[in-house]
Amino acid sequence: MCSLALFPPPLPSGQTTLCESNNELPLSLFFPRESLKLHCRTESSSKAAFLDHSETLWMRSAAAWRDGGFTGLLDEITNSNTEVPKWLSVSSGCTLALLRWFSSFHGSLFPHLTMSSEDMLAEFSQVLNWSDCVVRAFAWHPHTDKFAVALLDDSIKIYNPKSATTPTLKHRLQRSVAAVQWKPLCATALAVACQNCLLVWHVDPCSLSTRPSSGCAQVLSHPGHSPITSIAWSPSGSLLVSASPMDTAMMVWDVASESGVPLQRVGGGGVTFLSWSPDGSHVLASTPSALFRVWETRMWTCERWPCVKGRCQSGCWSPDGSRLLFTVQGETVIYALTFTDTPGYLSHVGGEIQSLAWDPTGERLAVLLKGLSHIFLSADRPAIIAVFKTRTNPIFELLPCGFVQGEPGTEPRLMQFHPNFQHGALLTVCWSSGRITHMPFYFLSAGAQRSLALKARNLRFL
Amino acid sequence: ETRTTFNRGPQRSFECMWRDMGNAVASIAWAVLLLPPITAVFVIISRFSLLHPIQAVSECLSFLTSASAIFSFILLCGVIIMVGFLNLEYYTVIPTIACSKIALLGQLLHPRQFVNSLGHCIMGIIVAWCCAITVGGRYETIADPCAQGDGSPQMCLNEYHLILLLAGAFVGFSHSLLGVIYNMNYVSFHTVQQYKYLRFKGSLSLVLKCSATQALYSVRNYIVVYFFLGKWSLSVHPLDSIAGLLDLSLLYHLWISASFLLFTWHLTLLLFRVFVTEVYSFPVQSSFTEDAHQCLPTVLTDKQPMILKFLALLDLALLSQHSPSRRSEVFSLSQPGGHPHNWNAISKECLSLLADLTQRLIAYHDTVATNGRAKSLSTGSERKTSSESSGMFPRPTLLMKTPASVFARSIVGCPQSPLTAPFTPDLDSPFASPALRRLTAPMDQCSPWFGTVQSPHIMRRVPKLWSTSTGEKSQALFADSQAHIWALEGLSYLVQSSFSEDQFGVVQTALPSILSCMLGLQEAVDRHFKLPHASSKPVRSASSMGDSTHKTLRFALRATLKTSIYRITTTFGNHLNAVKMSAEHRKRLQQFLEYKE
């Protein structure tokens, strides 16, 4: 049992956490909100800027079919009742009413289906307050020191300390980016979860171009599979899974051949968040209902895990893939789940949790807390990151380590650990101000300690 | 101490045949089991009327228990079994890619294909007859009583019955033709492994959609054909007029029957594909010598049948990724003797597969390059020796510069490569009749249009008929690349896990050759993708039963190759600097070590 009460109190306001042992890393980025050119109006609203122009019924019907699908067509026919036969307009009106009744019934079962896709992305994203975020997604490359940043203006920038060029990726279909992830065992491929499709960019690290053409992006889409809120590459780099809260099927993509296999399971009403275990054996898939699934990736069968209270908000895997930590919306608890005989574990944290991140050595767990309502913190306290030490031997335990706090007036929105930091762990945090900072934690991991001890013993024998 | 090998020809093929047959029979049995519910649904749909629902249901029930229904159901079962055996006879795991229109025509006019089409026509007529019985009413009999001019009763032709029967023949025939055009006999393996039931369930809606659409198009074409050709003098109600054919109820029944026909056939095909591509786990080694021929290393090295080789490669890719205990058997040493026979056999076979592809790509690239060069040379040399030169075509002497030896190897050396066997790679399977084999064998060898790599003078001389698209040539080059993809995955995963699991260092000795083989292939693939059209993506057609996986195999191979090299470089890191290799390969490897590829 571990609680925030055991933590040293957070720094007084005005002080910023630097790192665990007071060192700092030079790389820090800042994207002021003003510097981004935003879309001032969405495409559908630009209709108002043009004069109304009367078209034939066929043209209008075709346009309605294209824009609004079957319901759009029915709507158009019902509205133009002066031009069509009466029986047609009446029957289409009845069909429309029936469809609406059915969808409202369906929507009452799964309330998220009535949301707009922007709202849905904001609701299910791992990023805190996604719609207002300057940095909407962030991804370290799994093997090198480069990273990709998706910004509020729907562009993606790639930073590489070894290269002077900073490629900016823009695509017609790249809207409302919810997640980005680099393909493992590959230097070039970056998957981007967009509002209507999935893009896989191929950015040549040796190229000097700062604006790769949209021909460098593969577009993967499947009917009904949008908006995409979460993606995950298999650690072996061969498959990509994507999830949409609107689609009960999770898509497994073979990116090179652009073919996808939908893995359909009824119940849950969609898939919101995915996380592939580092050993590649399991995938966590949470749904908008109080239910999540754990898929095994060999024959793609799943276990159902119903939750008591709310949906699974976030989850992360231990480096060996044996233990899954997850949090449930509306609860202030971190649950641990194992797939062997060892017992599970739960730990109360003092606040509601937005996301979890476990460093690749398995020694530090960063928890992004939404807002704290604890005894020694005032209720309007902004979001904060709490860091735990994790211990697996002899029993699994979370031990308090400290808080990560930014400049005054800013709150953390998004965090990720560097996948191969040599001296411990490196936590990258994107702040509400648009700043990205890197927070090193210097420690010797248990494995390194063991090898050091072994070396020392060998030296003694020499 | 060398293991006893394997004098096992007839026994072996017999066992393979039984395995194949077992799967096929199981799939056919399932298709027959699914037939009663499908037929019941068809009966209800074809007989249902909105105005008298209760009467229609009771009619359906009484029909389903009648003798004619049971007889037609038995006929349908027979057709399904026949379709299942045709699937087994004609399937292939390496697609046949026609590189030009003339090659496609050649495939369509092939005697083997003719037998197939004829079979489908006859089965179509049988199914249509069953449909006519089922729908009943005016479709039921072929002859109707009609009054002649002098008032005497006589039997006349019932054209409603005939039109349905001919529709069955037409749909069966067009199904068989579309099967060639869309490569429907090609069985592809999925990247995502799933249990049979789940795979079947996942594809069911697609099959239904495909059948309904294909039936719609077939009926449309059939109506057009019938309008021009359907003149029967003995008919009571002549239907070859626009008014006669635009009978909505007739069109509906034609469409429903065609959909039913195609759905049952497609379902049989789907079940066959699901069963035949099911993962099979081969033992890595056996303690009994008489079982040695069933072990993975032996099955891998066998040439025939292709499906078994593919399943073995798939099993290798899966075991190398998922199964530590089976990997340890691969890395183990023989008792007595201490030789890594398993690893040697597996790595040798994988490397030879990859080397074969590399050779094929280099040869193809050289032809393309020489082609261009020969052209420029011929224009240059024409002035000197114009007496011999035959117009614009390059002379044979110049063509000698094409590396004929390379081609000889790639064409003659590997009879199973898709270059020479674009037709029916399973011709040597135990099911192919000797007569068919005799018919097709000479054709495969000597007909110029079946080879994908054509000698340039043939291409020049008849540019219109023989014009080929580079994209399709590229597809044909990589037609069997699924095997290479598994070989790459299997090797790279084994090398990766050898870092921690290989106790005796058996993999280390092969590391230089594995790396150089992969890097060589990488170079060849890179060069290939620089050719025009090689990297252009094919148009996807989702709503067809044909499998279009083969169109993207080259992209999958390229991605897998890179990932495999990265898998090795990330595991071994700078240790690889100690591996001996050529300077060019070292340079390429360095790119991978720095994550710049």
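A salt bridge is a side-chain nitrogen of Lys or Arg within 4 Å of a carboxyl oxygen of Asp or Glu, and the structure holds 19 of them over all chains. The model is predicted, so local features need pLDDT of at least 70 and side-chain atom pairs count only at pLDDT 80 or more, while totals for chains, interfaces and linings use all residues. Residues are numbered from 1 along each chain as its sequence is written, chains are lettered from A in the order in which they are written, and side-chain values use heavy atoms, with hydrogens and water left out.

View 1. With a relative accessible area of 0%, A:Leu199 is buried, where buried means under 20% relative accessible area, exposed over 50%, and partly exposed in between (1.4 Å probe, protein chains only). Leaving aside residues up to four places away in sequence, A:Leu199 touches several residues, among them A:His171, A:Leu190, A:Cys194 and A:Val219; contact means heavy atoms within 4.5 Å. A:His171 is 28 residues from A:Leu199 in sequence, and their C-alpha atoms are 9.0 Å apart.

**View 2. An open sheet of four strands in chain A.** The order is S14-S15-S16-S17, with antiparallel pairing. Strand S14 (273-276) and strand S17 (301-306) are the edge strands, each pairing on one side only. From one strand to the next the twist averages 20°; axes are lines fitted to C-alpha atoms, and angles run from 0 to 180 degrees between N-to-C directions. S14(A) and strand S15 (residues 282-286) of chain A pair over four bridges, and two strands pair if DSSP finds at least two bridges between them. A:Phe273 stands opposite A:Ser286 in S15(A).

**View 3. The interface of chain A and chain B.** The contact takes 27 residues from chain A and 23 residues from chain B. About 2300 Å² is buried between the two chains, and carbon and sulfur atoms give 63% of this area. Buried area is the accessible area (1.4 Å probe) that two parts lose on being put together, summed over both. In chain A, A:Leu185, A:Arg298 and A:Met299 lose the most area to chain B, together 27% of what that side buries.

**View 4. A salt bridge between A:Glu407 and A:Arg435.** The side chains meet at 3.5 Å, N to O. The pair links distant parts of the chain, 28 residues apart: A:Glu407 is in the loop between strand S25 (397-404) and strand S26 (412-417), and A:Arg435 is in strand S28 (residues 435-442). A:Glu407 is partly exposed, with a relative accessible area of 37%, and A:Arg435 also counts as partly exposed, at 24%.

**View 5. A salt bridge between B:Lys309 and B:Glu349.** The side chains of this pair meet at 2.6 Å, N to O. B:Lys309 lies in helix H11 (residues 306-322) and B:Glu349 in helix H13 (residues 341-382) of chain B, so the pair ties together parts that are 40 residues apart in sequence. Both B:Lys309 and B:Glu349 are buried.

Terms used:
Helix = DSSP H or I, 4+ residues; strand = E, 2+ residues; numbered from the N terminus.
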